[in-house]
Amino acid sequence: MTKVLLISENYLRSAFMISDNVQTKFILPAIQNAQEMEFQTVVGNCLYKRLLEGVAENNLNDNEKELLNIAKRYIGYVAISELITISTFKINNIGLNKTKDENVETLPTSDVMLVKKQYIEKSDFYKKRLQEYLLRNQGEFPELSCCDCHNIKKNLYSSASCNVWLGGPRGK
């Protein structure tokens with residue numbers, strides 16, 4: 001099966017000013033992780049599969065196109081946060097390492113994680129926009145109620161990416 005990306009490498013490079021020397025082999029997994037691990041939890045499995053199918057077959061309806069238009073900034077910021085880690089740390093035969101160059105100074109790990117956190121916080125803003133759109137237009141997406149809306153409901157109301165447990169389904 002062909003992997004379908006909801007945003008392109010070119011979009012990520014141009015919209016987020018990623019250097020041309022960042023290798024495609026780093027960017028594509030970042031996009032894939034962003035859409036599978038984060039975007040899918042917001043829209044649910046059924047709608048996610050429908051969007052992938054619609055992109056692959058070029059038969060998205062207007063509502064689905066609008067949804068993807070709203071979602072692309074969210075997916076992009078999540079992909080950048082993934083890309084920060086992927087491009088900073090490499091797994092080789094010698095284990096996990098960071099590349100050094102005599103002409104480039106790499107940031108300390110704490111600074112890398114701070115920048116990653118900033119991109120996650122920016123993605124939360126766009127995640128909230130996405131959630132609001134889905135809640136306003138729930139009736140336009142039958143996939144939201146078909147199989148797992150009850151499983152993703154908490155992901156339609158909270159866009160916070162923090163380490164504090166805010167209640168959720170196990171709360172009172």
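## The nonpolar core

In this predicted model, the largest nonpolar core has 41 residues, and L12, F39, L130 and L134 touch the most other members. Such a core is a set of buried Ala, Val, Leu, Ile, Met, Phe, Trp, Tyr and Cys residues joined through side-chain atoms within 4.5 Å; buried means under 20% relative accessible area, exposed over 50%, and partly exposed in between (1.4 Å probe, protein chains only).

At least two core residues come from each of helix 1 (9-15), helix 2 (24-43), helix 3 (45-57), helix 4 (62-88) and helix 5 (109-136). Helix 4 gives the largest share, 12 residues. Helices here are DSSP runs of H or I, at least four residues long, numbered from the N terminus.

## Aromatic pairs

You will find seven aromatic pairs in the structure. Rings of Phe, Tyr and Trp (its six-membered ring) pair if their centres lie within 6.5 Å; planes under 30 degrees apart count as stacked, over 60 as edge-to-face and the rest as tilted.

Y77 and Y119 make a tilted pair, 5.9 Å centre to centre with 35° between the planes. This pair joins helix 4 to helix 5, across 42 residues of chain. Y77 counts as buried because its relative accessibility is 10%, while Y119, at 24%, is partly exposed. Y133 and F141 have ring centres 6.2 Å apart and planes at 65°, so they are edge-to-face; both residues are buried.

## A ring cluster and a lysine

Ring pairs also link Y11, F16, Y77, Y119, F125 and Y126 into a cluster. K122 lies over the face of Y119, 5.6 Å from the ring centre (the rule is NZ of Lys or CZ of Arg within 6 Å of the ring centre and within 35 degrees of the ring normal).

## Notes on the model

Residues are numbered from 1 along each chain as its sequence is written, and side-chain values use heavy atoms, leaving out hydrogens and water. The model is predicted: local features need pLDDT of at least 70 and side-chain atom pairs count only at pLDDT 80 or more, whereas totals for chains, interfaces and linings use all residues.
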